[in-house]
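This report describes the fold of a protein model.

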Amino acid sequence: MLESSRLHPAVTRGFAGAVAPPVADMRPLGMDAIDRVLGGGLLPGRLHEIFARERADEASATGLAVMFALALTSPSVPVLWLREESAQRKAGLYGPGLMDLGIDPARLILGVLPDPKALLRAAVDALRCCALGVVILELGGNPPVLDLTASRRLGLAAESSGVTPLLLRLRDARPMPSAAQTRWDVAGAPSAPLAADAPGHAALNLSLLRQRGGPAGFDWTVEWDRDAVCFRPAALPGARLPVSGGGYAPPGGADDGAGAQDWRIAV
Amino acid sequence: MLRLAERTTEPERRTGASPSDRAGEPPLVFTVKERGAYRLHALDEPALAMGLEPGMALADARARLPDLRAVPHDAEAEGRFIERLADLCDRFTPMVAIALPEGLVLDIEGCVHLFGGEVALARDAVRLMRTQGLRVRSARAGTPEAALALARLENINPPPTGGGRPLPQAVVEGYPPSTLATPLRQRKALPPALAGEKRKRALTETERLHRLPLLALRVDVDVRHALRRAGFVTIGDLAPLPAAPLAARFGASLVDALGRLLGRIDSRITPRRLPAPIRTERRFAEPVAHVETVMAVLGELLAQACETLAERHQGGRRFAARLYRSDGATRDLAVETGQPVRDPAVVLRLFEERIEALSDPLDPGFGFDIVRLSVPIAEGRSDPQARLDGDPARDADLAALLDRLSVRAGAQRYRRLVPRDTHIPERATRLARVSEADPPPWETAVADEPPLRPLTLLDPPERIEVMAQVPDGPPRQFRWRGSVHRIARQEGPERIAPEWWRRRDGYSTNPGFTRDYYRVEDEAGRRYWVFRLGLYERETEQPDWYVHGLFA
């Protein structure tokens, strides 16, 4: 309850008096390191926020939303993906690519809304519908309507039904106070190369920025295992870390090590 | 009882052109596949004039007329067309029956006076059919069989005087007179003597029936053969004979058919039964000025309408409410649903959403006098069935949610991704309506393969500047949106050729550029799907590069 002291007393009361949600079983993400920090996994029926670290990492953030949706639901449960019209016009979700990440696009219902306000309103309605498993809200920038009240509304609607909202914040979104259970920051990570130096499985660098009632501030570099529907520690990025003073030569050749100063440490 | 039968000609209606439009065009025939061969089913007048006949093999017809246009006969479309004509005839009488092939029987008993007599009614009906671009033959008679027979066969064959002329083989052999054009041609060949006789004295209905050929009898071909072998040519030959010997020799079906034709046996039509449209309304003694009251009344009307729907085993797809204000203004509200529904609460909620989403709010003014609700579109609704891949309650919940969301934002905003069978990446995903039935499944990914297709596809692809060691080699570095990406890993090319067969001019002139796709990963760990447009030197000197998609 980090923000509760700053809230209007009525909101605080409402929050304190809210019936404790049926503590559904946590949905493990498959990597012990992450699941330990999260206390078992992602909590369904709560708001989870995903930020792209930079503009270029938006596809990685989108991918993480898909992965979380997969981890949170069983295979036949429908997923509603709400996007803004401007986002859909520029880059559409691609069915074969979704399939390649493990989510059957037939499960997906795509809602393209004209503005963030309509999107949030549709999301609150959808979150009350138990037939859905996950609602992904993709929002660009920092729309004024997405304030603390809006995120609380999402959280309350989700708690009543058990549907999990995933708030995907793209296009230079900055974290703001919100009612999110967890907040993630994601960037692309070099993948474990396959034969002939081909790009491998989706690899991401995850930062847990915030966790309500739990520890935060962790970084992991993970690889998505589509077939097992879980994360696993990225196989090689550790080997690509610049080791200070070490005599390590990256396998890709001498020219690969130059720009690698900002690799994060994998734990 | 008087009945009217109408016949239509089919070639015109299916091409949708009137005969004058098609002057100079080659003859048109409709074919059906029979025992492995295409046979002519229906012909237009030029085709008949060329001596083609229904039942003839298409190959033979083509041998005579190489420029013949042959179109497969579409029985279903024809059925729909006749249904539509029957709908049109509802204005004369509610008792309309479809008499296949290509006939409508109207029971006009009791409604003649509304149209100024039988003759006037028949003339109106014929005119109505003509406005549809049809050629029509109509007849009035005491029984449906007689009316149909007269409409189909009267004046087609000259009544035999003395020995009589042999009937044309096509008709005698019982090729259904579906090919109306046959009668038309024959009519032209009407001997002047008969026409003169007709002018002299109007024949009675019985006399006209007696002149009809044996084809007017609805009996098996065998029976007709037997009759002809016994020397009978017209109905008139059979009519005076006693029934018992006829039945003994040719079977009871002949006597029955003859009786129905001549009105000796009572015969009725089976009219189409159209369900009455669902409409309920409530009139108020005093105008009601509260929207809440109106909604409550609307709820009651919905309950009534849904009860009717339940009796019909249907669900409404569209519900329309009209509010009549006391000052004469009306307000229309309509909601649509993705699945047929008959739950009043669900529909009422949609109406509430609809009112909430109105740009100008519902203004009761001095109050509403009448609330009327109708269900213009209702469909059969099977009771929910258990499916293997989901439970029905969840599907129903989801459908209700989507209806609610669609009412507010518009149904076109909610879509499902459906695969399309093509190699062209940007065409491979189609956005379909959520309610679309049975979408094709997506191809599953091969186990342990990395993602080969990007998660998002840029539309249009964005141009990039690429450095490559050789012009037709893999990229080494590219500049996109102002920043340089050095490529650490790549895989490719995956060559995707253009679908030149979709082009109007085919392959010959400009087949389009081939694309070479590469999966690349830059040093920061971001994965892109880039392609080179055009094969170097073979298709273009300066191939352009584009980034088409982004991987997770």
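The text below goes from chain A as a whole to its sheet, then to helices and cysteines.

**Chain A overall**

The model is predicted. Chain A has seven helices and 10 strands. Of its 267 residues, 58% are buried. Among the contacts in chain A with a separation of 6 or more, 70% link residues 24 or more positions apart.

An open sheet of 11 strands has mixed pairing and draws on both chains, in the order 10(A)-9(A)-8(A)-7(A)-1(A)-6(A)-5(A)-2(A)-4(A)-12(B)-13(B). Its edges are strand 10 (230-233) of chain A and strand 13 (429-433) of chain B, each of which pairs on one side only. On average, neighbouring strands of this sheet are turned by 30° against each other, with direction ignored.

Within strand 10 of chain A, A:Phe231 stands opposite A:Trp224.

**Helix packing**

Helix 6 (residues 116-127) of chain A lies across strands from both chains: strand 2 (79-84), strand 4 (108-113), strand 5 (134-140) and strand 6 (164-170) of chain A, and strand 12 (414-419) of chain B. Relative to strand 5 of chain A, helix 6 of chain A runs at about 170°.

Two packed helices are described by the angle between their axes and the distance between the axes. In chain B, helix 13 (residues 243-250) and helix 14 (residues 252-262) have axes that come within 6 Å and cross at roughly 130°. Helix 13 of chain B and helix 14 of chain B are therefore oblique to each other. Helix 13 of chain B contributes B:Ala243, B:Leu246, B:Ala247 and B:Phe250 to the contact, while helix 14 of chain B contributes B:Ala252, B:Leu254, B:Val255 and B:Leu258.

**Cysteines**

Over all chains, the structure holds zero disulfides. For A:Cys130, the closest cysteine sulfur is in A:Cys129, at 6.7 Å, which is too far for a bond because a disulfide needs the two sulfur atoms within 2.5 Å. The table gives the accessibility of two cysteines.

| Residue | Relative accessible area | Class |
|---|---|---|
| A:Cys130 | 47% | partly exposed |
| A:Cys230 | 17% | buried |

A:Cys230 counts as buried because its 17% relative accessibility is under the 20% limit. A:Cys130, at 47%, falls between that limit and the 50% above which a residue is exposed.

Notes: Residues numbered from 1 in each chain as written. Chains lettered and ligands numbered in written order. Predicted model: local features only at pLDDT ≥ 70, side-chain atom pairs only at ≥ 80, totals over all residues. Heavy atoms only, no water. Buried < 20%, exposed > 50% of the residue type's maximum accessible area, 1.4 Å probe, protein only. Helix = DSSP H or I, 4+ residues; strand = E, 2+ residues; numbered from the N terminus. Contact = heavy atoms within 4.5 Å. Pairing = 2+ DSSP bridges. Axes fitted to C-alpha atoms, helices over the stretch in contact; angles between N-to-C directions. Parallel < 35°, antiparallel > 145°, perpendicular 65-115°, else oblique.
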